[in-house]
Amino acid sequence: MKNSFYTAALAAMTASMGATMSVPRAGNYPIEKNPGFGNVAVGQVQKRATKDLGLPDDTLKTNCISIGFLPSEGDSASPRYTMAQINGALGAQSSTYGWYAQITSSGFDGSQLLAVKEDIVASGAVFVASVMPSIDFSAVTEDVAKQVASVMKQFTDAGVTVWLRYAHEMNWYVTDGTYHGDASSFQTSWKNIYNAACKGNDKVSCFWSPNQAGSVSDLQPWWPGEEYVDLVGIDCYPRSGDDTSSNELFDRFYGGFYDAFSKPYGLPFAIGETGAGTGQKVQWLKTLVNQKEKYPNYVSMSWFEFDKEADFRIVMTDAGTLSQTKDILLAGGNDQCGGSGNGTTPPPQTQNPAPSATSKPAASGTSQPVSSPTNSGAGCDWGCWGWDCSASVPCQEPWTCKGGYCK
């Protein structure tokens with residue numbers, strides 16, 4: 001399981017403050033050493049063809065931000081949760097499902113990930129697999145990378161889209177002894193993973209996700225380069241005393257990183273994990289889901305649903321917090337970004353039409369066309385209600401293409 005990161009000194013400091021600290025790194029994370037990034041000048045925005053991130057169109061989305069969770073693994077004050085439990089309590093279908101595993105030797109069998117495969121597949125969510133090398137970066141050879149790729153393929157063969165967060169928070173974990181090596185050996189290991197797992201599998205995206213740092217320049221040595229990255233994010237947790245209702249806090253945490261690593265390359269930006277402690281979590285959640293206009297590449301946010309060093313839970317918690325969470329996350333606000341709403345309505349039963357000379361085969365791993373909600377689509381065999389669509393594959397009237405599907 002993941003490391004325990006907090007020391008007796010932190011516990012003493014927390015007690016002396018007389019309040020629960022909303023500190024970064026529940027579950028596997030250290031205290032953030034610096035407050036965030038300042039503004040970073042960047043050049044002209046570049047365009048880049050990115051992978052299909054596979055975010056389901058009918059799962060939880062708030063103000064055009066797909067919402068997911070990292071369920072507690074049971075190695076903390078919170079028990080083990082399944083995503084089915086979280087979805088049931090929330091009354092919605094989560095968009096992402098985060099889980100952790102370690103590479104402890106030259107053989108990686110993915111048993112920590114495969115142990116929850118049934119719940120992941122049933123959830124219908126994108127699987128955010130955080131694979132943490134406890135061996136030296138230099139030991140993550142091409143052979144080890146192929147083993148990681150083989151495990152990822154077991155998920156994609158089951159229809160799951162994977163965001164592979166290899167060696168996340170690498171800039172922090174080399175300082176606390178969790179990871180071993182330097183930026184150069186990390187770069188080599190990352191490229192081995194990318195070439196084995198992400199380059200040859202369209203349903204696996206490599207997710208570069210460092211920890212908060214003092215400045216963007218501190219992260220540059222760890223940057224693999226746009227050709228080896230499919231999406232980017234950074235892990236930040238508010239501290240006790242931070243104004244979590246402030247957009248300025250979001251800008252301070254994420255703005256400089258976004259301007260340096262997402263905006264110039266047209267790369268999707270996702271928050272691999274975040275959370276806030278008692279007294280801050282509801283306001284932080286509101287702030288997180290109201291940033292799409294300023295950060296158009298921002299696609300997804302995953303909440304750390306653990307009680308570990310602080311109680312970060314917003315769903316598997318007291319009735320009052322859960323009620324506020326529902327009010328925020330189920331509000332919708334997705335009219336301009338496609339999708340079927342806030343993920344509270346189960347997707348329609350899929351039907352596979354008989355092939356014809358004009359029918360468009362569904363792409364591997366994508367949702368199949370669904371039946372028309374009315375009889376007006378009788379006889380329609382392409383571009384119909386629920387059909388995959390794009391600029392080159394339009395919908396038939398009366399449907400229009402929204403969020404990749406005919407609506």
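Author: What follows goes from the overall fold to helices, cores, rings and backbone angles. This is a predicted model, in which local features need pLDDT of at least 70 and side-chain atom pairs count only at pLDDT 80 or more, while totals for chains, interfaces and linings use all residues. Residues are numbered from 1 along each chain as its sequence is written, and side-chain values use heavy atoms, with hydrogens and water left out.

Reader: How many helices and strands are there in the chain?
Author: Helices (H or I, at least four residues) and strands (E, at least two) are DSSP runs, numbered from the N terminus. The chain has 11 helices and 13 strands. Buried means under 20% relative accessible area, exposed over 50%, and partly exposed in between, with a 1.4 Å probe and protein chains only. By that rule, 53% of the 407 residues are buried. A contact means heavy atoms within 4.5 Å; of the contacts with a separation of 6 or more, 74% join residues 24 or more positions apart.

Reader: Which residues of α10 are buried?
Author: Lys281, Val282, Trp284, Leu285, Thr287 and Leu288. That is six of the eight residues of helix α10 (residues 281-288), so the helix is largely enclosed by the rest of the structure. Its cover includes α9, β8 (269-274), β9 (298-305), β11 (310-311) and α11 (319-329).

Reader: At what angle do the axes of α5 and α7 cross?
Author: Axes are lines fitted to C-alpha atoms, for helices over the stretch in contact, and angles run from 0 to 180 degrees between N-to-C directions. Helix α5 (residues 142-156) and helix α7 (residues 183-198) have axes that come within 8 Å and cross at roughly 40°. This makes α5 oblique to α7; angles under 35 degrees count as roughly parallel, over 145 as roughly antiparallel, 65 to 115 as roughly perpendicular and the rest as oblique. Where they meet, Glu142, Ala145, Lys146, Val148 and Ala149 of α5 face Asn192, Ile193, Ala196 and Ala197 of α7 in contact.

Reader: Which residues touch the most other members of the largest nonpolar core?
Author: In soluble globular proteins, nonpolar side chains tend to be buried together. A nonpolar core is a set of buried Ala, Val, Leu, Ile, Met, Phe, Trp, Tyr and Cys residues joined through side-chain atoms within 4.5 Å. Here the largest has 95 residues, and Leu113, Leu164 and Trp208 touch the most other members. Helix α9 gives the most to this core, with eight residues. A second, separate core of eight residues includes Val128, Phe207, Leu231 and Ala270.

Reader: How many aromatic pairs does a search of the whole structure find?
Author: Rings of Phe, Tyr and Trp (its six-membered ring) pair if their centres lie within 6.5 Å; planes under 30 degrees apart count as stacked, over 60 as edge-to-face and the rest as tilted. The search finds 33. For Phe250 and Tyr254, the ring centres are 4.6 Å apart and the planes at 50°, so this pair is tilted. Both residues, Phe250 and Tyr254, are buried. Phe304 and Phe312 instead form an edge-to-face pair, 6.1 Å centre to centre with 85° between the planes.

Reader: Where does Ala167 lie?
Author: In the loop between β5 (162-166) and α6 (170-176). Ala167 has a positive phi of about 50° although it is not a glycine, and is buried, with a relative accessible area of 0%.
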